[in-house]
Amino acid sequence: MDALKKGFSMAKEGVVAAAEKTKAGVEEAATKTKEGVMYVVAHKTTDQANLVGETAVAGANQVSEKTVEGLESVVTSAGLVKQGELSKKEGAVVQPADAGQ
């Protein structure tokens, strides 16, 4: 009878040890899975942020181009500059002749 009790006791200890190792293994796997998911989310978030930034820059460029075109039209129609003269002076600041007086 003692041998039977001792055998069951040893088996119980083995099951407990296996359960502890399994628990540790599951915890480690869960941690690695969490790290992997966080890595993917971080990279997706970065990708999305880059996409939004690029879109915002493209939109701002379009707005600035339209603004410049509008200003060129106003300056030309006001007679401050002759038609086509602005494209010759690209990047130059055009001021009326009486500026600062």
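This is a short tour of the structure, stop by stop.

The model is predicted, so local features need pLDDT of at least 70, side-chain atom pairs count only at pLDDT 80 or more, and totals for chains, interfaces and linings use all residues. Residues are numbered from 1 along each chain as its sequence is written, and side-chain values use heavy atoms, with hydrogens and water left out.

**Whole protein.** Show everything. The protein has 2 helices and 0 strands; helices (H or I, at least four residues) and strands (E, at least two) are DSSP runs, numbered from the N terminus. Of the 101 residues, 2% are buried. Buried means under 20% relative accessible area, exposed over 50%, partly exposed in between (1.4 Å probe, protein chains only).

**Helix H1.** Select residues 2-77. H1 has 76 residues and spans 111 Å from first C-alpha to last, close to the expected 112 Å. That expected span is 1.5 Å times one less than the number of residues.

Select Met-1, Leu-4 and Phe-8. They make a nonpolar surface patch of about 400 Å². Patch residues have over 30% relative accessible area and no salt bridge; nonpolar side chains (Val, Leu, Ile, Met, Phe, Trp, Tyr) are joined within 5 Å, like charges within 9 Å. Phe-8 counts as exposed because its relative accessibility is 57%.

**The salt bridge.** Select Lys-66 and Glu-69. Their closest N and O atoms are 3.8 Å apart. A salt bridge puts a side-chain nitrogen of Lys or Arg within 4 Å of a carboxyl oxygen of Asp or Glu. The structure holds 1. The two residues are 3 apart in H1, so about one helical turn separates them. Lys-66 is exposed at 58%; Glu-69 is partly exposed at 44%.

**After H1.** Select Gly-79. Gly-79 follows H1 and has a positive phi, near 85°.

Terms used:
Areas by Shrake-Rupley, 256 points an atom, 1.4 Å probe, with all protein chains shown as cover.
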